[in-house]
Amino acid sequence: MTTELEELRRALLSAIRRSPAVALRVEEALGRAGMAYAAEAWTPWGDDRLTSVAQLRSLALLRAHPDAFDELLEVATDPGTAPPATRTTPETPGPEEAGATGATEEEARGKPGRGIQASADRAPQEQGPREHTAQERAPGRSGARPQPTSDHVDFRYGTFHGPTVGVQHHHYGTAPVPAEWRAADRVGPLEFGVWPTRPVPGLPDVPPYVPRDRDEELRALVARPGLVLLLGEPYAGTSYTAWNAVRSLKGHRVYAPDPGEDLRPLVAALRSSPGGHVVWLDELTQHLGPGRLDLPLLGRLNDLGAVVLATMRPAEYYRRRAGTAPGDRVVAAARTVELRREWSEAELARLSARDDPRAYPAYMWSGKEGVGSYFAVGHLLFDDWRRPGTRQDHPLGRLLVRAAVDVAQCGIESAVPASLLRKVQKRYGQEYAEAAAREAYEQAFAWATAPMFGVSGLLVGGAEDGTWRAYGALVAEALGRGDLEPVPDRVWWTLLDTAESGSGAGARLDHGAILGAARTALGPRVEAGDVAVAFNLALHTEGEESEALLRRAADGGHAKAASVLALLLVERGDEEEALPYLTAAAQAGFAWAARQLGRYHRTRAEHWLRQAAEAGDGAAAHELGDMLVGPGREEEAVRWYRRAATAGHREVAGSLGSLLAGWQNPEAEEWLRYAAAWGDPRAANDLGFLLLTTKTGDAAEVEALYRQAAQGGDAAGAANLGVVLESLGRYEEAESWYRTGHERGSVYAAQHLAQMLRGQGKDAAADAWLREAAVAPKGLPATLPPPPPAPPAGRPDTVEE
């Protein structure tokens, strides 16, 4: 960058020397950028070291004004400004011109030689080049200084036709002319070295000054002559604070020499110009040494009523004030005010009250790096993080910084453990996978934490070891731009989960702050119908808010939200309200919801069947009885069975007979025969089994009853018929009914068939059916928990009185 600016500087200076019109264009461009003060450095003769520094500085500042900077580029590259093939200028006369004047090249350049007499009042080594004022350097321009009178003759634009003899008088240098002493209330912050912030249309390059806690103390010190030293780390705001203090000096004029400039001519300038003066020395170290500020010169300036205001870093000050070198003695003589880089609460409060859109973000995010650093280099750090070259060279480091910025956007202002940043970093899916494949984490971390611009890395260390946060200006820029990638949903859920865990990194996270930020950031998506966001947000909230979010998600078709809401309503006893959500969850495959839905419908069915049965409905009484048998409420079932029979519902006979048969009640056979006569296949099977076990019926009757049951569709009847036929040696028919019973769901049909085939020597077929029979495990499976231990023998725990 410096090389490019130097090339541009030389090209512009060359064009200016060839054309006064070019000089005017340069001056106008600087004026439009608010840098008219810099025009004095751009003159045809402005190529000495100090002037070139001023020119480079103005070009560097002008980059913040693209239109003006582009105009200077156009001027420098305009073919019309190309130099002629041969050129003879007053600075470099051609051979003929030199011969005509009878002067050597050295004499023509104004150096001591033939016809030039050196002054005797100063040794040659003390002689320095004489600077010209802006008016002297630009002949032909409006306001050019008239030719001096008296015995001073300006040879620069003369034409000579014979030998010329002149006397050159050397001084310490040219004293700053009135044009270089600026009224204190006309000097801008940029002239004091205040860094501009990111350009914002309609706003000044430097935000409005915010009063600092030490302002009154500083103003009191600069109110009287002497050296006042403002101490502060880089970007602590020393230059801006110094500018503000100088503005309070009514009627004073300010001069800001370049680093290394000979300061001795200031004495003569002050003697010839009465009134208050301030000499501004940014970075005092650069102005100490031979020909610059020393104790004698400082004393003379004090005697003339001048205030010398300078800046220095605290460490440098405390080191030098104890030294014995000439410059150290100057430092020790200073009156000092020290500024902290991190602003106080009072200073931040004054900042937040400023009517400037840049003030509140700085108040929120400047952090311990300070407001000055935030404004001066914060946007530069952001640009470096986001530039394409960073994505190419440090993809994982860039993503690590993004993780820290997103953590801050999620409401976490404090530093967090590096392990959490790494965990969050992995939530970026494919982008993380690609970045991790190109850069090692250690390399990424080292890049992200390396200091930049002498201030800080993109990641800033926290108060606790191993904790880090994003540089505040990065977060402010990200929040203010609106064109960056939003925080991924998985990052929100990760941070909320970590905060809720209450251990490790979670102990450092404020769940309420994260949740508040999530409500703000994700709320519009919830309102727009994003059911996934609504559901996940519901899982991290409580009470009415959580239930409302679950309803929104469930009503929008989110199956898991329906399941969770249904469970919440069931546990609360709102079964009626839970019904549609249970149905939706069951249809989506949630088994617990289907089970709960079945229980719910069973309970409702029992309620309504009981109501109908009590009203005398026999079929309802029958179905109610069937429902009660399963849960072990057989006695109540018998009562409802008899009421069904009393009501004339004949279909109940089979159910009542089967239940009584299990109790070996003699009344069972009568009920089963009645039901079988009416064609009840289950009753026929149960009657056959009853006659077989009690040996009260012959084989033909039992076979007939089993056949009636099997042909009526009863699975157990088909299997039992197979057993009877096998005992009679009718194997083919038996095998057919065994197969039919197995297909209908009989548990024992496959086992009986395998045994029969084994007896016939058909081992392969038998093994196949045994495998079919083994599908239903026998005995207690290992997945069941062990039974509780038996109570100790002896007296029972409770005694019934």
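**From one residue to its surroundings**

A562 is buried, with a relative accessible area of 2%, where buried means under 20% relative accessible area, exposed over 50% and partly exposed in between, computed with a 1.4 Å probe on protein chains only. This is a predicted model, in which local features need pLDDT of at least 70 and side-chain atom pairs count only at pLDDT 80 or more, while totals for chains, interfaces and linings use all residues. Residues are numbered from 1 along each chain as its sequence is written, and side-chain values use heavy atoms, with hydrogens and water left out.

A562 is found in helix α27, helices (H or I, at least four residues) and strands (E, at least two) being DSSP runs numbered from the N terminus. Leaving aside its neighbours within four places in sequence, A562 is in contact with A554, Y581, A584 and A585, contact meaning heavy atoms within 4.5 Å. R552 lies 10 residues from A562 in sequence, and their C-alpha atoms are 9.6 Å apart in space.

Helix α27 (residues 559-572) packs with helix α28 (residues 575-587) at an angle of about 155 degrees, their axes being 8 Å apart; axes are lines fitted to C-alpha atoms, for helices over the stretch in contact, and angles run from 0 to 180 degrees between N-to-C directions. That makes α27 roughly antiparallel to α28, since angles under 35 degrees count as roughly parallel, over 145 as roughly antiparallel, 65 to 115 as roughly perpendicular and the rest as oblique. On the α27 side the contact is made by A562, S563, L565, A566, L569, V570 and R572, and on the α28 side by E575, E577, A578, Y581, L582, A584 and A585.

Strand β4 (residues 226-231) runs parallel to β8, joined to it by 4 bridges, and L229 stands opposite T336 in β8.

Another open sheet has 3 strands in the order β9-β11-β10, with antiparallel pairing. Within it, β10 and strand β11 (residues 467-470) pair over 3 bridges, and V460 has R469 of β11 as its bridge partner.

How values were computed. Two strands pair if DSSP finds at least two bridges between them.
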